[in-house]
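Please read this briefing alongside the sequence and the coordinates.

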Amino acid sequence: MQKQYDYIIQGAGASGLWLAYWMQELGLLKSHHLLVIEGIETKGNDRTWCFWTPENVKEFPFVNRHWSSLMIRGNAQRIDPFQYCHARSESFYGWVKAKLAGNAHVHWSSEWVRAATQEGSQVSVVTDACRYQSQYFFRSGQMDEGQENTTIALWQSFVGWRIKFRQGGWDDGAATLMDFSIPQAGTTRFLYVLPISETEGLVEVTQFHSEKLARSEGEAILEHVCAERNWNYDIEEVECDAIPMSSFFNQKQSHNTSGNRIISIGVYAGALKPTTGYGFLAMREHGRSLALALQQKQLLPKIFRKARFRFYDALLLQMLTHTPYRGKAIFERLFSKQPAHRVLKFLDEKTSIWEEIRIFSRLQVSWFLKALVTHVRS
Ligand SMILES: Cc1cc2nc3c(=O)[nH]c(=O)nc-3n(C[C@H](O)[C@H](O)[C@H](O)COP(=O)(O)OP(=O)(O)OC[C@H]3O[C@@H](n4cnc5c(N)ncnc54)[C@H](O)[C@@H]3O)c2cc1C
């Protein structure tokens, strides 16, 4: 069986759904047909997304909690103009699907893509049951040919619990970001505590290391943290996964070549900032710019990051790879010497070069110089 579409998106995850959302918003799906192919039949709440934004939170109706200040090293700091937002993935999936519902030009299929090949200006997409043709194929959740898994030196692992208190609740509703007070065990490890309601919230340990954090080890840390705080709770959900921390996925060009009809999106298109793992809003931006370029028949953009930010990330990755235990000291210094809103702006890659000089001059300069030497030699 062969079917023809204008666009096919592989993956109904963050990047695939953001792209479908913008195609609809920009009116592309009034006249063009889109097929979304997702291998997992029911995704459910497979992760939570946090991000910060200067936009009105109403732009993100799937967000279930947001904060205008954060607890950093035990002190509450306002983060204007940003809001720190928390969303459950199933709310995001549901929100986009509701936006697309009723559009007869949007089609869904639950199956795995086995191969995609470009033939002239058409892409042939093969699943176990079908062969589809489309003008463009947007691929998420999969590395491009030639992208080697073995090049990933560091992993960002998450083990998180959504807990509900049997008795009592949070002392206050403040969100704690990057709390390094947990034992580091030769790695860089920190804790997030995000109260979502009076009696519910997310407690999550994050680790940067060459080895992934085992679920059992992560849960032992969480158990210890909860016991120390005398929390009486039930675990409602567990989140356990890892993402690559690698500049390998950085794009060196700003646009795809003109004839290219197989377009990467999401993690393997370089959406995640290698040193933080944040990328949800970068996927939103990429989805919007792709849809706009399709509408205006322009070259399709890649997720391009300025060279100097790629360079800063490369130095920090170098350091975290060779001296993983230094992450705690670096991030604690970063947050103690700068207001939180400036750190968030820096992590967003929106700071000026002068702001960056101010930031770096307060960090462990000799460590960065050493990393620079190793970086130049490698
Ligand atoms: C546990 C966890 C927590 C995270 N938290 C944050 C956060 O707080 N903030 C943030 O900014 N980022 C976060 N990230 C990073 C990033 O935002 C997510 O990984 C995000 O989901 C990546 O989007 P994606 O579209 O690239 O991949 P995914 O969301 O994983 O979507 C890819 C989809 O493609 C499907 N697929 C893959 N191959 C095929 C195939 N051959 N055929 C059909 N379907 C296929 C998959 O089943 C999947 O549904 C987190 C990541 C994880 C793992």
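**Ser181 and its setting**

Ser181 counts as partly exposed because it has 15 C-beta neighbours inside 10 Å, where a residue is buried if 20 or more other C-beta atoms lie within 10 Å of its own, exposed if 12 or fewer, and partly exposed in between, with C-beta atoms placed from the backbone. This is a predicted model, in which local features need pLDDT of at least 70 and side-chain atom pairs count only at pLDDT 80 or more, while totals for chains, interfaces and linings use all residues. Residues are numbered from 1 along each chain as its sequence is written.

- Ser181 lies in the loop between strand S13 (175–179) and strand S14 (188–195); helices (H or I, at least four residues) and strands (E, at least two) are DSSP runs, numbered from the N terminus.
- Between the C-alpha atoms of Ser181 and Ser336, which are 155 residues apart along the chain, the separation is 14 Å.

**The chain as a whole**

- The protein chain has 9 helices and 17 strands, and 35% of its 378 residues are buried.
- For 378 residues a compact globule would have a radius of gyration near 21 Å, and the protein chain agrees with this at 21 Å; the radius is taken over C-alpha atoms, and the globule rule is 2.2 Å times the number of residues to the power 0.38.
- Along the principal axes, the C-alpha atoms of the protein chain fill a box of roughly 60 × 55 × 35 Å.
- Of the contacts in the protein chain between residues at least 6 apart in sequence, 74% join residues at least 24 apart, a contact being two residues whose C-beta atoms, placed from the backbone, lie within 7 Å.

**A three-stranded sheet**

- An open sheet of 3 strands runs in the order S3-S7-S4 with antiparallel pairing, two strands being paired if DSSP finds at least two bridges between them.
- Its edge strands are S3 (48–53) and S4 (63–67), each of which pairs on one side only.
- S3 and S7 (residues 83–88) pair in the antiparallel sense over 6 bridges, and Cys50 stands opposite His86 in S7.

**Surroundings of the ligand**

- The ligand is surrounded by 33 residues, the closest being Gly11, Gly13, Ser15, Gly141 and Gly266; a residue is near a molecule if its C-beta atom, placed from the backbone, lies within 6 Å of it.
- Elements giving two or more residues to this shell include helix H1 (14–25), strand S2 (34–38) and helix H4 (280–295).
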